[in-house]
Each structure stands twice: as C-alpha cells, then as structure tokens.
Amino acid sequence: MLKATVNSVEERDEEPEDEGDEEMRDGGVPFYINRGGFPVDEETWERMWRHVARIHANGEALGKEIRGATDLPKIPVPSVPTYQPTTPIPQHLEAIQKYIRELQYNHTGTQFFEIKKTRPLTALMDIAKEMTREALPIKCLEAVILGLYLTNSMPGVERFPLSFKSQFSGNHFHHIVLGVHSGGRFGALGMSRREDLMFKPLEFRTLMDLVQEFDGAYRGYWHTLRKVKIGQYVSHDPHSVEQIEWKHSMLDLDKLTKEELRKELDRHTRDMRLKIGKPAPPSPNKERRNITGSPLRGPSSPIRRISRVERRPSGDKKVLEQKASADMNGYQIRV
C-alpha cells in the first residue's frame with residue numbers, strides 16, 4: 001500500500017545537507033525524518049497522507065480513494081544483486097545502481113531511514129541492511145549508505161561521499177552521491193529524481209572530469225552549482241567503528257577559477273590515495289558490535305569522535321561576473 005501511495009505523489013520534496021530537527025527544509029520545501037523506526041507508526045502515516053493532500057492536485061480525493069481500496073496492485077520487491085567473482089567491476093556497479101533505482105525515489109515527504117552522519121560505520125551498515133529488508137523508496141543520503149553496504153565486498157573499488165550545493169531562483173538545494181574509483185577511473189552511484197544526477201559509469205579519468213559532468217547536468221536544469229564537498233575513502237570493513245569523513249575538502253566554486261578548482265581536486269585525489277596505505281582501527285569484538293547496532297532496534301550507538309584532517313581551503317575569493325537568473329515568478333525546478 002505504501003508504494004502505491006508513493007507512485008501517486010508528485011515530485012516536490014528535497015534533500016537535507018545534515019540531520020537536525022524533525023522537520024527539515026531544503027529549497028524552502030519541508031519534509032520529515034521517520035525517527036520511530038519500523039513498523040511505521042500511525043502519526044507518521046497520517047503526516048504522509050496530509051502531504052499527499054497538500055501537494056497533489058486532487059490530494060484529498062486521491063488519499064481517500066487509495067485508503068479505501070481493497071485491490072491495490074502488489075508492488076514487486078527488488079532482489080539484492082548477487083555476483084560471480086569473475087563479474088567485471090563496471091557491470092557489478094551497474095547492477096547495484098539498477099537495484100537502487102528499483103527501490104524508487106521517495107516522494108512521500110518523509111525520509112524513512114534516519115541517517116546520522118556522526119554514527120560509526122558499523123551502525124550505518126545496520127541501517128543499510130534494514131533498507132534491503134524493508135525495500136522502501138529512498139532519498140539520496142540513504143542511497144549513499146546503501147551503496148557503501150553493497151560495495152563492501154569489492155576491495156578493488158574505493159568509495160567516497162561527494163555532495164553538491166546548487167542555487168535556482170534564490171533558493172539553495174543539496175544533493176549527495178557516492179563517488180567510486182577503480183582502475184584509474186571515477187564514477188558515481190546514487191539516487192535522484194533526475195536521471196543524470198545519480199549514476200555515472202567508471203569512465204572519468206580525473207575527479208575534475210566527474211565534477212564537471214555533474215556541473216553540466218545541473219546547468220541543464222538551470223541550476224548554478226555553488227559548492228562541492230568531498231569526503232575521504234570509506235573503509236570496506238562493515239564492523240568498523242570509524243566515522244565517515246564527509247567533508248575533507250569543501251570547495252566554493254564562486255571563489256575558485258577553473259584551474260584552481262582542478263588543482264584542489266587533484267590534491268584531494270592524492271590525499272585519498274595516501275589514506276589507502278594507513279591501517280584502519282581494529283573492528284570491535286562481538287559484544288561491542290551489539291552495542292553499536294542499528295538505532296532503529298535499540299539504544300543509540302556511542303559516538304566515537306576521531307580527529308579530522310585539516311580541511312582544504314577553497315582559495316582566495318575571485319570576483320566573477322554572475323549571470324542574471326531568469327525571472328521564473330517563484331517557480332522552483334527541483335533536482
């Protein structure tokens with residue numbers, strides 16, 4: 001029944017940059033986080049129905065029709081992809097992206113899985129397992145965690161968070177994908193309402209090439225890319241108590257020339273390569289793993305703070321001529 005509702009909802013909500021209060025806003029559009037776990041409680045259900053009534057042209061009538069129906073079609077549950085050891089890495093990644101896409105983008109106004117970026121990796125992997133069990137629609141941050149989980153068994157693929165801040169008609173929008181690197185090529189996995197703002201095949205020679213590819217996609221929707229944040233490589237150990245380093249480099253595109261941006265991205269690439277040779281902290285024992293389990297099934301996991309590498313500056317501010325945005329009468333193109 002839930003996915004039948006999802007399929008009936010127009011695209012309106014947006015992604016958060018970070019977790020915060022129960023009601024989140026991005027681009028001026030509110031949405032909520034399901035903090036009650038599963039099964040979804042009655043209050044969360046009613047809030048989602050109110051969202052349908054608010055954003056859909058015939059929302060109230062549609063909600064009553066769906067809630068009163070007894071013959072809703074059964075929605076197929078995607079199967080987690082399995083592979084042979086000889087499966088080429090690009091094909092493997094395409095299968096993972098296909099699975100993420102089949103879960104569908106979440107248009108309900110409520111993010112089903114609570115992702116706290118400060119949690120240790122082991123707790124986030126427990127949430128990813130929950131995603132595969134529930135098989136519910138997800139948003140971009142959830143897709144990053146799921147992508148990490150599904151690529152843990154691929155030691156030849158390095159993964160890192162890659163997030164964007166864009167602007168359109170006076171509002172700012174946030175998005176994140178999982179950058180991947182293998183065989184000297186970059187690509188990305190993710191979820192978006194826009195096909196060209198999620199998956200990128202392993203065909204980009206440099207990080208600059210990958211970022212420019214996303215920049216071009218944003219321009220296709222009249223969005224101006226303002227900031228890019230790039231994290232460090234993430235451990236393949238699903239029981240690691242490390243925290244993901246989400247923002248090792250924070251680059252303000254308004255303050256960087258194209259050549260300066262290229263140098264910063266090349267520097268970040270070298271920093272990521274240096275991390276590969278550093279030993280990771282030992283995985284917790286069985287008792288420790290139980291303590292750091294999923295927040296949806298027990299007490300909050302302890303937060304282990306680690307020192308951050310000094311973030312890269314985005315360079316001295318450059319005076320750039322800004323093109324006047326078209327007067328869209330308040331209309332928002334959401335990505």
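Ile244 touches Leu121, Leu124, Ile145, Leu148, Pro161 and Val234, leaving aside residues up to four places away in sequence; contact here means heavy atoms within 4.5 Å. The model is predicted, so local features need pLDDT of at least 70 and side-chain atom pairs count only at pLDDT 80 or more, while totals for chains, interfaces and linings use all residues. Residues are numbered from 1 along each chain as its sequence is written, and side-chain values use heavy atoms, without hydrogens and water.

In soluble globular proteins, nonpolar side chains tend to be buried together. A nonpolar core is a set of buried Ala, Val, Leu, Ile, Met, Phe, Trp, Tyr and Cys residues joined through side-chain atoms within 4.5 Å, where buried means under 20% relative accessible area, with a 1.4 Å probe and protein chains only. The largest such core has 40 residues, and Met131, Ile138, Ile145, Leu146 and Ile244 touch the most other members. Helix 6 (140–151) is one of the elements that give it two or more residues, and the largest share, 8 residues, comes from helix 6. Helices are DSSP runs of H or I with at least four residues, strands are runs of E with at least two, and both are numbered from the N terminus.

The structure also holds 5 aromatic pairs, meaning rings of Phe, Tyr or Trp (its six-membered ring) with centres within 6.5 Å; planes under 30 degrees apart count as stacked, over 60 as edge-to-face and the rest as tilted. Phe38 and Phe113 are tilted because their planes meet at 45°, with the ring centres 5.1 Å apart. These two residues are 75 residues apart in the chain. Phe113 is buried, at 0% relative accessible area.

Key: Buried < 20%, exposed > 50% of the residue type's maximum accessible area, 1.4 Å probe, protein only.
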